[in-house]
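I opened my notebook to work through a structure step by step. Here is what I looked at.

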Amino acid sequence: MQLSHLKKIRIGVSLLIFVFLLLFFLNIHGRVIDPVAEFFLRLQFFPSLLRFTVITLAVSSLGFLLVLLLTFLFGRVYCSSICPLGTLQDMIIAAGKRFKPRKKRRFVYTSNKKLILRYSLLAATLLFWIFGSLFLMNLLDPYSNFGKISVTLIQPVFSMLNNSLVWLLQSFEVYAVSPMLAQSLPADVVAVSMGIFGVIAVMSVWRGRLFCNSLCPVGSMLGLVSSRSLYRIAFDDSACNFCGKCERVCKAECLDSKNKIVDHGRCISCFNCFDSCANNGLYYENAFASAKKVQVQNNSLLQIEKRSFFLTLAAGLLSVPVLKKMAAAQPADTSHPGLVPTGTSLPVTPPGSVSHDHFTGKCIACYLCVGACPTNVIVPSFFDYGLEGFMQPKLDYHKSFCNFDCVRCTEVCPTGAIKKLDRETKHITQVGIAKFMYESCIVTIDRTDCGACSEHCPTKAVTMVPYNGLWLPEMEPDLCIGCGACEYACPTEPYKAIFVESNAVHKEAIPLSDDHGPRDHDKDEFPF
Amino acid sequence: MYRRDFLKKSFLYGAAAGLGASALGPLTPALAGLRPHIIKGNYDLVAVRGDDLVAMFERAMQEMGGMSQWVKPGQTVVVKPNIGWDVIPDRAANTNPDLIGAIVRHCLQAGASRVTVFDHTCDNWQRSYENSGIEQAARDAGARIVPGNFERNYRDVSIPGAVRLKEAKVHEQILDNDVFINVPVLKHHSSTNVTIAMKNLMGIVWDRRYWHRNDLHQCIADFCLFRKPDLNIVDAMLVMTQNGPRGTSTADLVRKNSLLISSDIVAADAASTLIFGEQPANIGHLAIAERMNIGSLDLSRMNIQRVFM
């Protein structure tokens, strides 16, 4: 095979993966998309690694091993083809070129002086992880950032366009397109996503895949492997005429055409160089078969890692959990319903996430669940979980509630932060318990019937009991699963008269009575 | 042509109702004069007992004089079932889908130019439309399904004479169609004890929380001052007598095997309440409705046809 074809294959594969994952993140799914997207999901490095720590004995958790193997064989094909953020960067690079003068479109080889930063960040990311915080991973992991960008930046635009189209079609009496629910995204989370996207975009336009070779922990980790990979790109001394074309198209800036050196730790195997060379001056060399001496900064690498270890240890110790918000104690005002402050000190985690510790320790904050949730009850948090759970999703019952029969988030989660639940298990998975605020309820204060909470309750943990000729809510906590339907439906303002207090460790609720069918009605006449 | 002027429409509604009433004069029973508003059909109320809901509906329509009493050729119809919950038909938390299908077919046979089905659901709307079976049944029968969760489809209206609900955002399908058929399912309700035809109208407004916050029963009654359905068809086959309105299992249901049809929303609710096993006067919004002269709870003064199949 011609090596110049490799670039075309790389582009095809990367676009395929990018498109399927983007569709999945935009919650466009179906019988064809789902299994393919799921397979591509399993190949994402850190999600797979996290998944391995949750569900060890499963083929679906071994994606990271496949990636490591691929990297060991052919270099960082992960970065050029599998990583959706890599493809996004390629798109930005391509778009950015249009706005640059011709001469500045070229890439230039840069020596790898920034190794300290690169490996310190990797070490810090891993250290944070070991000490139980995914803060750095969630901020730096490329898959996670692709998800954040898709769900918090692309999805809202997509949804707005969709709903405008719905509106337009409706004026022609066409109802073929369904409106999408407005996603309620916190402004701070959107701002962080925009910041991340901005940084990545600027780095891409400025220096190609700079992000992948400086900030990205996956890039750094795979770089350690690819610098020793079996097959690697090398110059053919006899064919190369020093034209420098390959260097100009190398977006990793790892090709030194003057000295005919390839920095394999930074090479992302995009194969642009093969395509650019008219003389076949580059080839895939077998490192073991070749007698060539490998030029890798092995010793310096070790030193750097040692140094960064201590540097980052200090940083790791700084990552103490942020103080939890303390509810201000003030005398309750009961002149109108909904004036008694509520609010839980801990956010509610999705069903299947076992406990706060499990969830915050495994969630990579990719927001796949946020995008997939049909009721939009899963929203990104900011510092609700403290620093260690930075930006991880939570259930927000102000705008929606968790659908009783739905287990979608448990199906899509790539890391195992939300473990797969079947419907029956979900029905008794108690993520929190609703608390009724007697002194804030419409029935007790306004003396009118309401019952919106009980109406929406799927397990009838909230029932209505007689109260001065009216009906008053009453809670049976053991039946409650914390779905938040009551909290959502409660009409009091500004505070709800019923709200869910999170379970730090999810519990089991009492299952509903058996479905033994309708009773017969003996009378065969009308009561009027 | 789609966003028609609402005032013009309400004028046309009034004129059509008036003309319809005078045309039907000879058919309507002598008691008509006692009723607070115009009733179409041969009876004030038709109640059917049987085992086959669709056959019962067909028999009830036959007794009433057919769907053409309400739907004239070329008119557009909106059918409003209860699709509140993401549950399967066996749970009877939503209107029976076969009944909706049959109603749509009757409307089209009567010459309706278009039949639209929607509800502002409580659970996720797409899941509720699908799992209730109503989306499929309505489509199969030839209706179109439109979403009820899209705020842009709601328009502000004012309700003259209302005590608490003086304004509401109402779905444009209610405002823009000629005929409005209300198809509730009889159920226990945690807030209002029962939910039938009047309570079902909460599914055509955008902000339900306002009702809950401002004397729910009064708001339910107030809304009837704005727009009463032309026809109410109450599904009382499987009646949820506890844990309503969502229910927790089929064990919440009792086979009451009944179907009621009436142009009078209050009469339909009064009769259904009795089937449920409650006294109409004990239901807050029904008592208010009688007090506000929206309708009468006194079934003994009505011309009722009872059918046993």
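My entries follow, one topic at a time.

**Ground rules**
I am reading a predicted model, where local features need pLDDT of at least 70, side-chain atom pairs count only at pLDDT 80 or more, and totals for chains, interfaces and linings use all residues. Residues are numbered from 1 along each chain as its sequence is written, while chains are lettered from A and ligands numbered from 1 in the order in which they are written.

**Confidence**
I checked pLDDT, the predictor's confidence in each residue, from 0 to 100. Chain A averages 87, and 91% of its residues score at least 70. Residues 291-303 of chain A fall below 50, and this stretch has 3 contacts beyond near neighbours in sequence. Residues 319-329 of chain A are also below 50, with 16 such contacts. A contact here means that the C-beta atoms of two residues, placed from the backbone, lie within 7 Å.

**A helix pair in chain A**
I noted how helices and strands are assigned: they are DSSP runs (helices H or I, at least four residues; strands E, at least two), numbered from the N terminus. Two packed helices are described by the angle between their axes and the distance between the axes. Axes are lines fitted to C-alpha atoms, for helices over the stretch in contact, and angles run from 0 to 180 degrees between N-to-C directions.

I looked up helix 4 (residues 63-74) and helix 11 (residues 217-226) of chain A, which pack at about 45° with axes 8 Å apart. That angle makes helix 4 of chain A oblique to helix 11 of chain A. The cut-offs are under 35 degrees for roughly parallel, over 145 for roughly antiparallel, 65 to 115 for roughly perpendicular, and oblique for the rest.

Which residues of the two helices meet? A:Leu68, A:Thr71 and A:Phe72 in helix 4 meet A:Leu222, A:Val225 and A:Ser226 in helix 11 of chain A. I sorted the residues of this contact into 4 nonpolar, 2 polar and no charged. Nonpolar covers Ala, Val, Leu, Ile, Met, Phe, Trp, Tyr, Cys and Pro; charged covers Asp, Glu, Lys and Arg; the others, Gly among them, are polar.

Chain B has 11 helices and 12 strands. Of its 309 residues, 57% count as buried. Buried means 20 or more other C-beta atoms within 10 Å of a residue's own, exposed means 12 or fewer, and partly exposed is in between, with C-beta atoms placed from the backbone.

The contact between the chains takes 45 residues from chain B and 39 residues from chain A. Strand 11 of chain B gives the most to the chain B side, with 5 residues. That side divides into 17 nonpolar, 15 polar and 13 charged residues.

Most residues other than glycine have a negative phi, and most peptide bonds are trans. I then looked for exceptions.

- A cis peptide bond joins A:Glu493 and A:Pro494, with omega about -5°.
- The bond from B:Gly244 to B:Pro245 is cis, with omega near 5°.
- A:Ser269 has a positive phi, near 55°.
- A:Asn376 has a positive phi of about 60°.

Is A:Ser269 buried or exposed? A:Ser269 is buried, because 26 other C-beta atoms lie within 10 Å. A:Asn376 is partly exposed, because its count is 19 other C-beta atoms within 10 Å.
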